[in-house]
Amino acid sequence: MNIVVITGADRGCGQALVRYFIEGGWRVYAGQFMPEWKELEQLKEEFGSDLILMPLDVSDDASVKAAAEFVGAREENIDMLVNVAGIAGGAEDNADAWKQVFQVNVLGPLRMTEAFLALLRRGKKRICVYSSEAGSITTQPREDGFVYSMSKTAVNMEMRLMFNRLRREGFTFRIYHPGWVRSYMSGVRSREGVYEPEESSASAYLQFVTDRPCEDVLLMMDVKGEIWPF
Amino acid sequence: MAVQFEKEGDSVYLLLTKEEAEQMWREGETGLQKVAVGSRGEAGSGFHMCICQPDYAETVRALYEEILEHEGRVDILVYAPCTHAGDDGAVGERHSYEAIYAATERNVMGFRTLVDTIVPLMSKSTIRRIAVITEANASIRNCVSEDDYGYYLSLAAVNMAEKIYFNRLRKEGFTFRNYAGSCIGETMGAAWYVSCDLSNNPEEPSIHSDENRLVMRNSLYEEIAW
Ligand SMILES: NC(=O)c1ccc[n+]([C@@H]2O[C@H](COP(=O)([O-])OP(=O)(O)OC[C@H]3O[C@@H](n4cnc5c(N)ncnc54)[C@H](OP(=O)(O)O)[C@@H]3O)[C@@H](O)[C@H]2O)c1
């Protein structure tokens with residue numbers, strides 16, 4: 001059985017992804033950031049031992065380390081790490097917001113990869129991250145909203161640095177732009193957007209589990225399977 | 001580090017962090033000579049070295065006041081992010097997340113603070129140019145590095161910030177340069193490129209001007225993918 005670790009799984013894209021992986025025959029370790037949000041526990045009732053919940057705050061070294069120990073105590077390896085957790089930051093576009101957003105959106109995937117690297121090396125070696133069109137310098141149309149955009153550009157660069165080191169060990173990478181999703185990034189379920197989390201995550205799941213004939217190329221692809229320039 | 005005066009009477013303000021200034025002090029005359037390479041003017045006339053920590057708003061504000069008093073405007077703002085996170089290895093090797101964050105704070109928020117503070121002085125100029133001096137490894141597409149996360153994440157984020165400023169300020173007549181790399185042989189140095197205009201016919205639809213997009217170029221004038 002393949003094993004995946006998913007961050008930011010309480011709601012939105014991450015939670016929808018949990019369901020696709022389990023239905024696809026994977027065992028899922030789902031990071032729970034919001035214990036007060038009960039939907040993951042309802043999924044647990046539905047899926048039983050195929051879904052294992054664990055507390056996880058990707059901005060916290062100790063929490064990430066504890067999660068890696070939790071999984072390591074139960075599994076020889078994991079096959080895939082999916083970094084979904086992300087925040088938009090508040091209305092402020094200042095140094096405090098940069099610190100908060102950078103900790104989650106950029107250092108989160110690095111912390112996770114490093115904490116789970118030994119387990120990943122013994123598995124199928126795939127690292128996936130939810131980025132955004134907002135991180136594409138080429139296509140960026142905004143005149144403000146620096147912090148979120150810069151964090152997604154930075155996480156794309158982070159994937160490049162990881163790719164440069166790990167590709168030769170057989171690792172493969174997915175950088176995914178989920179489209180404009182009616183999720184909870186503003187704190188409440190958005191009524192605006194183009195995709196339901198379930199629609200976007202259906203595409204993500206297929207892209208994450210399907211091998212490409214061009215794994216030596218680092219690409220950012222969106223929900224429609226279209227390539228975005230960096 | 002090179003300072004180039006375009007014309008007699010031009011002023012150059014070289015911003016140094018406290019650490020950089022201390023290092024130059026230790027290096028004595030050689031350090032100063034390094035700074036003045038390419039200068040046609042006498043260091044001390046139109047040439048000013050200032051201690052300025054771009055991520056500290058107070059020091060940038062002090063710079064603003066000084067330039068306002070003595071010059072009244074800024075024509076060109078050149079920014080070169082250069083802080084690394086110390087011993088910052090490849091994935092799975094030693095590095096400190098705190099240090100990575102701190103490097104990005106200085107490089108990225110430093111750029112933001114500097115631009116936000118200095119732009120009002122640039123609005124008084126007819127030139128209004130913002131330039132980022134970077135390196136080819138700032139390209140996510142082409143980067144060959146495996147380590148130095150704090151530095152490379154910063155370079156990518158600064159490029160994104162420059163693009164957002166471009167979107168915001170181009171319509172006010174600002175122009176932008178993004179120059180990657182060293183100047184070896186008789187290639188195009190940063191100072192030369194930054195001071196050159198690009199073809200721009202305001203009568204033509206904006207898409208036909210090279211001033212109306214942000215491009216990273218190296219010293220051979222080659223375009224580098226982001
Ligand atoms: N929605 C869009 O249109 C869109 C577009 C492009 C890219 N993305 C990216 O797609 C990813 C998924 O976003 P989404 O739309 O599904 O948003 P979402 O509904 O807010 O889901 C993200 C989840 O991550 C959690 N989280 C926040 N901080 C965390 C931390 N430190 N550790 C672990 N989990 C944390 C969130 O909790 P809280 O709710 O408490 O913050 C939330 O449960 C994000 O990386 C986002 O940047 C989204």
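Rings of Phe, Tyr and Trp (its six-membered ring) pair if their centres lie within 6.5 Å; planes under 30 degrees apart count as stacked, over 60 as edge-to-face and the rest as tilted. This is a predicted model, in which local features need pLDDT of at least 70, side-chain atom pairs count only at pLDDT 80 or more, and totals for chains, interfaces and linings use all residues. Residues are numbered from 1 along each chain as its sequence is written, chains are lettered from A and ligands numbered from 1 in the order in which they are written, and side-chain values use heavy atoms, without hydrogens and water.

**Exercise 1. Aromatic pairs**

Find which residues of chain A are linked into a cluster by ring pairs, and classify the pair B:Tyr79 and B:Phe111.

Solution. Step one: the cluster consists of A:Tyr20, A:Phe21, A:Trp26 and A:Tyr205. Step two: over all chains the rule gives 18 aromatic pairs. In the pair of B:Tyr79 and B:Phe111, the ring centres are 5.1 Å apart and the planes are at 35°, so the pair is tilted. Step three: B:Tyr79 belongs to strand S3 (residues 76-79) of chain B and B:Phe111 to helix H4 (residues 97-122) of chain B, so the pair ties together parts that are 32 residues apart in sequence. Helices (H or I, at least four residues) and strands (E, at least two) are DSSP runs, numbered from the N terminus. Step four: B:Tyr79 and B:Phe111 are both buried, where buried means under 20% relative accessible area, exposed over 50%, and partly exposed in between (1.4 Å probe, protein chains only).

**Exercise 2. Strand S6 of chain A**

Determine how strand S6 (residues 172-177) of chain A is enclosed and how S6(A) pairs with S5(A).

Solution. Step one: six of the six residues of S6(A) are buried, so the strand is largely enclosed by the rest of the structure. Step two: A:Thr172, A:Arg174 and A:Tyr176 point one way from S6(A), while A:Phe173, A:Ile175 and A:His177 point the other way. In a regular strand the side chains alternate between the two faces of the sheet. Step three: two strands pair if DSSP finds at least two bridges between them. Strand S5 (residues 126-130) of chain A pairs with S6(A) in the parallel sense over five bridges, and A:Cys128 has A:Arg174 as its bridge partner in S6(A). Step four: S6(A) is also joined by three bridges to strand S7 (residues 220-222) of chain A, with the two running parallel; here A:Tyr176 has A:Met221 as its bridge partner in S7(A).

**Exercise 3. The sheet**

Give the strand order of the eight-stranded open sheet and identify the edge strands.

Solution. Step one: the order is S3-S2-S1-S4-S5-S6-S7-S8 (chain A), with mixed pairing. Step two: strand S3 (51-55) and strand S8 (227-228) of chain A stand at the edges, each with a single partner strand, so one side of each is left without a neighbour in the sheet. Step three: strand S4 (residues 80-83) of chain A runs parallel to S5(A), joined by four bridges, and A:Asn83 stands opposite A:Val129 in S5(A).

**Exercise 4. A charge over a ring**

Locate A:Arg160 relative to the ring of A:Phe163, and do likewise for B:Arg177 and B:Tyr193.

Solution. Step one: a charge sits over a ring if NZ of Lys or CZ of Arg is within 6 Å of the ring centre and within 35 degrees of the ring normal. Step two: A:Arg160 lies over the face of A:Phe163, 5.3 Å from the ring centre. Step three: B:Arg177 has its charged end over the ring of B:Tyr193, at 5.8 Å from the centre.
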